[in-house]
Amino acid sequence: MFARISPHRAKHFYHQVRPRDCALANESAEHHLLKLELATAARAAGFRAELEVGNEARTWRADVLVFDERDRPFMALEAQLSPMTPQDARMRTDRYAADGVAVCWISVEKRPWERGVPSLRLAPPRNRGDGWTVRYGMARYTWAAPHTVKTKAAWTHISCSLDDVIRWILQGRVHAHTGPGGTVWWTAPSYVHLAIVRARLEADAEAVMQEAAAEQRRQAAEQRAAATERARLAAEQRRLAAEDRRMAAEEQAHEEQQAEQERLTAFFEHAGIKASLWPAFMELVRPPPARPSRAASRAPPMATGCSSTAGRARGPRSNWPVWRALTPQRSPGGLRT
């Protein structure tokens, strides 16, 4: 192996001829360089970091495995430059979690899996002496003062140096947080607490709004029910009034009929007519039917050529004179005669 400086001004080792028995022989220079940067950042934070370390079951092999103060592995730093599906990223993350090891995936380009697993997207140094920069993966929660529901609040991604981010992650100052949309990023617990407080305020405000809307719907329903009841009562009152008018009319007609019957009875008794003849006299004195109109009374002439009056059918004699004779008349003063 030989030492050299990369185009990014970072020192690293390389094989002049790749041997088959070297674990680092089949990886690119960029991948090896990134692993060295991660290991250097972990060691600068005060932790022991080793390259290419796997578990006893050989279910995973970390690019950089970081050990705690008790010399137990707790964090794997994976330099993932080759393509990988989100399903593979989730599966490999679960393998680490099964052994109690957290993992952070690092890339230098936008990848489809970076939103679903704890990850960092880096930018290489531009000038000599510059360090690697985290472009995506670190976020803070900003909430404008005063902290109310009406003020704006959002998660914003920040840029910072790779050394600082690795130190914050290994020291537990930042944690992997899953946002409402399922996106995973690294952030401080204080920001998570602030987001939770905002979410609770929004939930309370939403509950108040829903309760107010429910109260409005209840009042509207009560008003509709009251209007329906008023309409029903008004209709019932109109029906009762109509029934009262009908009953009053029937009662008045009955009284008039009874009074007429009593008057005729008194008349028959005064005239000395037997009670058995009263129905015949009642039939006799019944008022005549209404007179037909002048146009209807004009009968067409007979077909025999006779005069128009010769062939007319003679109807029954009107009993109107008898009715006038039997019915007492009112005097000009209003009294019956």
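Trainee: Of the contacts in the protein with a separation of 6 or more, what share comes from residues 24 or more positions apart?

Mentor: That share is 47%, where a contact means heavy atoms within 4.5 Å. Before we go on: this is a predicted model, in which local features need pLDDT of at least 70 and side-chain atom pairs count only at pLDDT 80 or more, while totals for chains, interfaces and linings use all residues. Residues are numbered from 1 along each chain as its sequence is written, and side-chain values use heavy atoms, with hydrogens and water left out.

Trainee: Thanks! How many helices and strands make up the secondary structure of the protein?

Mentor: There are seven helices and 13 strands. Both are DSSP runs numbered from the N terminus: helices are H or I with at least four residues, strands are E with at least two.

Trainee: Why are β3 and β11 called edge strands?

Mentor: Take the sheet as a whole: seven strands form an open sheet in the order β3-β4-β5-β6-β7-β8-β11, with mixed pairing. β3 (48-54) and β11 (160-161) each pair on one side only, and that makes them the edges.

Trainee: What makes β8 and β11 a pair?

Mentor: Two strands pair if DSSP finds at least two bridges between them. β8 and β11 are joined by two bridges, in the antiparallel sense, so they qualify. Here Val-134 has Cys-160 in β11 as its bridge partner.

Trainee: What does helix α1 lie across?

Mentor: Helix α1 (residues 29-44) lies across β3, β4, β5 (73-79), β6 (102-107) and β7 (119-123), at about 140° to β3. Axes are lines fitted to C-alpha atoms, for helices over the stretch in contact, and angles run from 0 to 180 degrees between N-to-C directions.

Trainee: How do you know how the reach of α1 compares with the expected one?

Mentor: The expected span is 1.5 Å times one less than the number of residues. With 16 residues, α1 reaches 22 Å from its first C-alpha to its last, close to the expected 22 Å. After α1 comes Gly-46, which has a positive phi near 100°.

Trainee: Which residues touch the most other members of the largest nonpolar core?

Mentor: A nonpolar core is a set of buried Ala, Val, Leu, Ile, Met, Phe, Trp, Tyr and Cys residues joined through side-chain atoms within 4.5 Å. The largest has 31 residues, and Leu-38, Val-66, Leu-77, Leu-120, Met-138 and Leu-170 touch the most other members. Its largest share, six residues, comes from α3. Leu-38 is among the buried residues of α1, and its contacts beyond four places in sequence are Val-64, Leu-77, Ala-79, Ile-106, Leu-162 and Ile-166.

Methods
Buried means under 20% relative accessible area, exposed over 50%, partly exposed in between (1.4 Å probe, protein chains only).
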